[in-house]
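Here is a friendly walk through one protein model, starting from a single residue and widening out from there. Keep the viewer open as you read.

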Amino acid sequence: MTGCFRSLFRANVLLPIAGFAGVIALWWAIALFRNEMMPTPPEAFVKNLDFILNPFYRRGLGDIGIGWLLLASLRRVCIGFLLGAIVAIPVGVWIGLSRNAWLAINPIIQVFKPVSPLVWLPIALAIFNAAEPSAIFVIFITSLWSTIINTAEGVSNVPKDYLEVAQVLEMPRWKQLIKVVLPASLPYIFTGLRISLGIAWLVIVAVEMLTGGIGIGFFVWDEWNRLNVSSVFLAVFVIGVTGLILDYALAKLQAIMTRRPAQS
């Protein structure tokens, strides 16, 4: 029992700590050689103490805490991601069930999937003429492709035995879809959703750096323009931890809905 505990402690605590310690040591070494621009970890921590201790302050127009900026970015990501899921899952089911639909839509997916999400930003700005809906539109486009592809793959891989049993029981087509196809496809669907959410969180930072406004991406660009690299390091940590939490939350939802552990 003790040996098992030691093994788990080493795998889940000691090794991750060692990994992060290596990253911090590398940062510290680079900062010592580039001390005119790069802060050391202790210097960055001291300079960011106000952001850390007071993440939700409001001190005037445009002077708000990093917590509010993070929430603004999360709101855009959640709206765009949910809109994308609402479109992508039915389309994925459709092309997974129909070869004709697959032949018609797959070329569109293959053409648009490699396009950088930021390429859609000028188009979105031309359509909406405003930064907020444009950012949400880019997240929406970003959220489509992985979810569509994985949903279609899951639907097409539903065991034939399941469908044959449903036909023997004379289930209506809509009931087969709800009772058989979707439950069997859930692991694939959630894999697509997790990939889409990760990409969406990456993209929103870049979009906000270009469009400005309130958000964690604009915070990074604004602090860099002020040559405040310490705050950029804080943003890197906040963005990374937030992405980890988002993926963990979606994995937990997957485990609840599929009643099996989600793959990390």
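Predicted model: local features only at pLDDT ≥ 70, side-chain atom pairs only at ≥ 80, totals over all residues.

## Around W201

Setting aside neighbours within four places in sequence, W201 touches L70, S73, L74, V77, I216, I239, T242, G243 and L246, where contact means heavy atoms within 4.5 Å. W201 itself sits in helix α9, which covers residues 173-211. Helices here are DSSP runs of H or I with at least four residues, strands are E runs of at least two, and both are numbered from the N terminus.

Is W201 buried or exposed? W201 counts as buried because its relative accessibility is 5%; the cut-offs are under 20% relative accessible area for buried, over 50% for exposed, and partly exposed in between, using a 1.4 Å probe and protein chains only.

Residues are numbered from 1 along each chain as its sequence is written, and side-chain values use heavy atoms, with hydrogens and water left out.

## The overall picture

The secondary structure amounts to 11 helices and 0 strands, so the pattern along the sequence reads α-α-α-α-α-α-α-α-α-α-α, given the DSSP runs described above. Taken along the principal axes, the C-alpha atoms fill a box of roughly 75 × 65 × 30 Å. Of the 264 residues, 36% are buried. Among contacts with a separation of 6 or more, 64% are between residues 24 or more positions apart.

The protein exposes about 15,900 Å², and carbon and sulfur atoms supply 70% of that area. Accessible areas come from the Shrake-Rupley method with a 1.4 Å probe, and for residues only the protein chains shown count as cover. As for charge, the mean positions of the 19 positive and 13 negative charges are 7 Å apart. Lys and Arg are taken as positive and Asp and Glu as negative, leaving out His and the chain ends; each charge is placed at NZ of Lys, CZ of Arg, CG of Asp or CD of Glu.

## Salt bridges

Side chains of opposite charge can pair when their charged atoms come close. How many salt bridges does the structure hold? There are 6 salt bridges, each defined as a side-chain nitrogen of Lys or Arg within 4 Å of a carboxyl oxygen of Asp or Glu. One of them pairs E132 with R75, with the closest N and O atoms 2.5 Å apart. This pair links distant parts of the chain, as E132 is in helix α7 (residues 131-156) and R75 in helix α4 (residues 66-97), 57 residues apart. E132 is partly exposed at 26% relative accessibility, and R75 is also partly exposed, at 40%. Both belong to a network of salt bridges that links R75, R76, E132 and E208.

R194 is buried, with a relative accessible area of 14%, whereas D247 is partly exposed at 29%. The side chains of D222 and R226 also meet in a salt bridge, at 3.1 Å from N to O. Here D222 is partly exposed at 21% relative accessibility, and R226 is exposed at 58%.

## A nonpolar patch on the surface

Which residues form the nonpolar patch on the surface? They are F45, V46, L49, I52 and L53, with about 480 Å² of accessible area together. Patches are made of residues with over 30% relative accessible area and no salt bridge; like charges are joined within 9 Å, and nonpolar side chains (Val, Leu, Ile, Met, Phe, Trp, Tyr) within 5 Å.

Helices α2 (41-47) and α3 (49-53) each supply at least two residues of the patch, and the largest share, 3 residues, comes from α3. V46 lies in helix α2 and counts as exposed because its relative accessibility is 58%.
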